[in-house]
Amino acid sequence: MQDPVNNLEELVRAFDVMTVADLARAIEEAADIEDGETVFIDDLGPGVHVGVGSRGIEITFPTTVHEVLALAAEAERLNAEEDATFRIIAGDPDSSVIIHVPHSSREIPDDVRSDIVLDDEALEHELDAMTDAFTDVIAEHAAAASGKRPWLFVNEQSRLVVDPERFPDESEEMNAVGMGVVYTRTSTGEPLRETDAYDEDGLISRYFEPYAAAFADLVDERLAAIGSVTILDLHSFPLNALPYELHGDGTRPQICLGTDAFHTSKILLAEALHAFSGFERATDSPFSGCYVPLVHYGKSSLVNALMVELRRDLYMDEHFQLVEPATTPIVEAIVKLIAAIEPSSFMPAGLAGGYFNCVIAEDQ
Ligand SMILES: [Zn+2]
């Protein structure tokens, strides 16, 4: 394995195969490349590359079999990172809070883009309208400023790829306006995808399902570690209602807190109203509900959840740019909310459920 290899012919021999094509297959097996991913070796120059999928890494001779296998594994890892659907940023081991950021990305993979019928300019406008821009930045600031660092779960793809917050069946009310898991209509009701010309099941299995499964795993892991979990579902909404909104005639305060009858405890809502007391705020207007993975939805009362929707003019200018100083009071309010809902650190794990059991002596 560690004998020096000076060129491609020697590499073929080192793997005990006859051809470059066989070499690629041998590396695929030896480097334990995921099923469905194809290793290639190219010497089309300059240099010889080992790659997975479309990503090649140059081999620097002299090398070793061991090094070539490591390069193949690295190419696979970089690929996986590139089409990652989500990113989890670890919090403190004893944190029970997960901040969910589902709509902050504008990323659309090329093959998904090709099924969208808008031209580039129209797509940019749609992304401006639909993206919860900078909610990832605000979540990261809040996490960094929290005494006990919460976990972050961030969608790395645009909601125009799939919307992880929609129900994947007929119970989804947004299906009525072409905005179920896979949107077929824009925010103004124009066609977004040609109906039947895209692979809905493919998008769901490639993006929606792994996302939901990873989120559910993170919830289970926090439940096992702490005994309860609180999901803060962070969004933003425009000052003026978009045509797609089903409840666009509701009030549009600076902060909208979305609740669920089963998963939002009275105490959680009270703490949020208190933490955001420096802002105009309302409950379930103009948007209602909050994200809970389907496997826990309506089942586990130890999974608490609340949606926090920030009105965009609070922290963005008319050119959709972030007004950094304006984020400070928002971040402070989120930090305050996180501190209020973390189970007391001195409480034995068996009594977890934490703040549910605490007496809240606030001016609510
Ligand atoms: Zn959103």
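Analyst: Happy to. Three antiparallel strands make up an open sheet, in the order E1-E2-E3. (Strands, E, of at least two residues and helices, H or I, of at least four are DSSP runs, numbered from the N terminus; two strands pair if DSSP finds at least two bridges between them.) At the edges are E1 (39–42) and E3 (55–59), each pairing on one side only. From one strand to the next, the twist averages 25°.

Before going on, a word on the source: this is a predicted model, in which local features need pLDDT of at least 70, side-chain atom pairs count only at pLDDT 80 or more, and totals for chains, interfaces and linings use all residues. Residue numbers start from 1 along each chain as its sequence is written.

Back to the sheet. E1 is joined to E2 (residues 48–52) by four bridges, with the two strands antiparallel.

Helix H2 lies across E1 and E2, at about 140° to E1. (Axes are lines fitted to C-alpha atoms, for helices over the stretch in contact, meaning C-beta atoms, placed from the backbone, within 7 Å; angles run from 0 to 180 degrees between N-to-C directions.) H2 spans residues 20–30, and its buried residues include Leu 23, Ala 24, Ala 26 and Ile 27. These four sit on the same side of H2 because they cover an arc of only 165° around the axis, taken from the directions from the helix axis to the C-beta atoms. The face turned away from that buried side carries Ala 21 and Glu 29, which are exposed. (Buried means 20 or more other C-beta atoms within 10 Å of a residue's own, exposed 12 or fewer, and partly exposed in between.) After H2 comes Asp 32, with a positive phi near 60°.

Now for the rest of the chain. The domain assignment, automatic or from a database, divides the protein into domain 1 (8–82) and domain 2 (87–357). Their centres, taken over C-alpha atoms, are 40 Å apart.

E8 (255–258) is joined to E10 by four bridges and runs antiparallel to it, with Cys 256 partnered by Glu 309.

Helix H8 (266–275) has Leu 268, Glu 271, Ala 272 and Ala 275 buried. Their arc around the axis is only 100°, so they lie on the same side of H8. Among the elements covering them are E7, E8, E10 and helix H9 (324–341).

One loop residue also deserves a look. Arg 159 lies between strand E6 (151–155) and helix H7 (200–226), and it counts as buried because 23 other C-beta atoms are within 10 Å. Leaving out residues up to four places away in sequence, Arg 159 touches Pro 102, His 103 and Met 130.

Finally, confidence: pLDDT, the predictor's score for each residue from 0 to 100, averages 90 for the protein, with 93% of residues at 70 or above. Residues 345–364 fall below 50, although this stretch has 29 contacts in the model beyond near neighbours in sequence. Where pLDDT is low, predicted coordinates should not be read in detail.

How values were computed: Two residues are in contact if their C-beta atoms, placed from the backbone, lie within 7 Å.
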